[in-house]
Amino acid sequence: MSHAEAPCRRPVGASGGVRVAVFDSGAVTLRDLDLPDRSPGELDVDITAAAICGSDLHTVLGHRPAPPATALGHEGVGRIRSADPGATDLRGEPLRPGDRVVLSMIRSCGACDRCRSGLTMKCRNLFKYGHASVTEPPLATGTLATLVRLSPRVPLLRIPDQVDDSIMVPAGCATATAAAVVAAAAPAGDESVLIFGAGAVGFYCAAMFAGLGCAVQVRDPSAARLGLLAGTGAQPDDGRQRPYPIVVEASGSPAAFADALAAADVGGLVVGAGSVSVAAGTITVDPALLVTRRLRFSGVHNYTPAEFATAVDWLTAHGRRLGLERLLSPPVPLARIDEAFTLMRAGTYARVLVRP
Ligand SMILES: [Zn+2]
Ligand SMILES: [Zn+2]
């Protein structure tokens, strides 16, 4: 990977020169854009912190299709640069220049059949930040940038100043997905829960279920990832067989998916949230083992705006106490974005923190 650094251009219009990390022709580079004035309803947010997660790595490794000149990054915290008078966040709180906000990564249309039936995360017109080209309006759609331009209907929430960027930045990705898993499982709070995978989604799931009173065991081949669970109330799996009414597959490994189906108790629920890449492989399942045990399955991919709000509330309430900044790397400047991706590839951190 290489990066081309051009001198920052003088501000033009309301938002002016914007520097964005772009994936193009197999390389990550920095590109300067001159944004036109924003359209009514759009919001400009100065990014103060962004994070590289596994899905950004999938994009730059060519594991999933990306348009030419993809604006990278979908996790971000920032401050409102410019908004229409009367603009509000997801809770209806007014948004004014300087307000600190955390961003969701998905925008649904609110009008299609899926949106109307509650499947907003599967909207037929879904737009995902961090996956669009800088050649198409609104141009600046990645959070690995100095500024992101949000279309109308992108959920975002005002956040208090006392929660660090490094705690809040994954809210619109892994934390909201974990909130969707917990919502799908709807635990009473006294269940035994087995979680496969201690990456970011598995970690947040473990901490959330444990916080609700569940007895949580986590299975992962990495002792380092399991070590991060200290203090959350969740335990590394001790290998003893238990009846698990709730099993979560958050690793994305097909083999772990098979193990998750096998581990669930009679009448149990398996929530699958890790397997989002169709290229990861297949498993063989004996249908009778599922049917005769009366298993239920729920797939979780992305989240609703309400689950995003739950994630932000959870991080606000527990992030500092649980020391959740430890899930991220030390900050890497946007100017050294290639170093940030190299650090992400090394796999030491679930997230690499990037600051403009
Ligand atoms: Zn992400
Ligand atoms: Zn829709």
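Select Gly 17 to begin: its bridge partner in strand S2 is Asp 34. Helices (H or I, at least four residues) and strands (E, at least two) are DSSP runs, numbered from the N terminus. Two strands pair if DSSP finds at least two bridges between them.

The model is predicted: local features need pLDDT of at least 70, side-chain atom pairs count only at pLDDT 80 or more, and totals for chains, interfaces and linings use all residues. Residues are numbered from 1 along each chain as its sequence is written, while chains are lettered from A and ligands numbered from 1 in the order in which they are written.

**Stop 1**

Select strand S1 (residues 17-24) together with S2; eight bridges join them in the antiparallel sense. Towards the other end of the pairing, Asp 24 has Ala 27 of S2 as its bridge partner. The two strands form a hairpin with two residues between them, and Ser 25 in the turn has a positive phi of about 50°.

S1 and S4 pair in the antiparallel sense over two bridges, and Phe 23 stands opposite Thr 70 in S4.

How many of the eight residues of S1 are buried? Six are, so S1 is largely enclosed by the rest of the structure. A residue is buried if 20 or more other C-beta atoms lie within 10 Å of its own, exposed if 12 or fewer, and partly exposed in between, with C-beta atoms placed from the backbone.

**Stop 2: Thr 70**

Centre the view on Thr 70 in strand S4. Thr 70 is buried, because 25 other C-beta atoms lie within 10 Å. Its contacts, leaving aside neighbours within four places in sequence, are Val 22, Phe 23, Thr 59, His 131, Ala 132 and Ser 133. Two residues are in contact if their C-beta atoms, placed from the backbone, lie within 7 Å. A distance to draw here is that from Thr 70 to Glu 136: the C-alpha atoms are separated by 10.0 Å, although the residues are 66 apart along the chain.

**Stop 3: the two domains**

Colour the protein chain by domain: domain 1 comprises 17-169 + 328-355, and domain 2 comprises 174-299. These bounds come from an automatic or database domain assignment. The domain centres, taken over C-alpha atoms, are separated by 28 Å. Five residues from domain 1 and five residues from domain 2 make the contact. On the side of domain 1 that touches domain 2, two residues are nonpolar, two polar and one charged. Here Ala, Val, Leu, Ile, Met, Phe, Trp, Tyr, Cys and Pro count as nonpolar, Asp, Glu, Lys and Arg as charged, and the others, Gly among them, as polar.

**Stop 4**

Select helix H4 (residues 171-185), which has 15 residues and reaches 20 Å from its first C-alpha to its last, close to the 21 Å expected at 1.5 Å a residue. The expected span is 1.5 Å times one less than the number of residues. H4 is mostly covered, with 13 of its 15 residues buried. Just after H4, Ala 186 takes a positive phi of about 40°.

Next select helix H9 (residues 305-318), whose end C-alpha atoms are 20 Å apart, in agreement with the 20 Å that its 14 residues should span. Its buried residues include Phe 308, Val 312, Trp 314 and Leu 315. The buried residues of H9 pack against strand S6 (100-103), strand S10 (156-158), helix H3 (165-168), H4 and helix H5 (200-211).

**Stop 5: strand S14 and its partners**

Select strand S14 (residues 244-249). Six of its six residues are buried, so S14 is largely enclosed by the rest of the structure. Strand S11 (residues 192-196) runs parallel to S14 and is joined to it by four bridges; Val 193 stands opposite Ile 246 in S14. Strand S15 (residues 264-272) is also parallel to S14, with five bridges between them, and Glu 249 stands opposite Gly 272 in S15. From S14 the chain crosses through helix H7 (residues 254-263) to S15 in a right-handed β-α-β crossover. Right-handed applies if, with the strands pointing away from the viewer, the path from the first strand over the helix to the second runs clockwise.

**Stop 6: Ala 350**

Finish at Ala 350, in the loop between helix H10 (337-346) and strand S18 (352-355). Ala 350 is buried, with 23 other C-beta atoms within 10 Å. Leaving aside its neighbours within four places in sequence, its contacts are Gly 199, Ala 200 and Leu 327.
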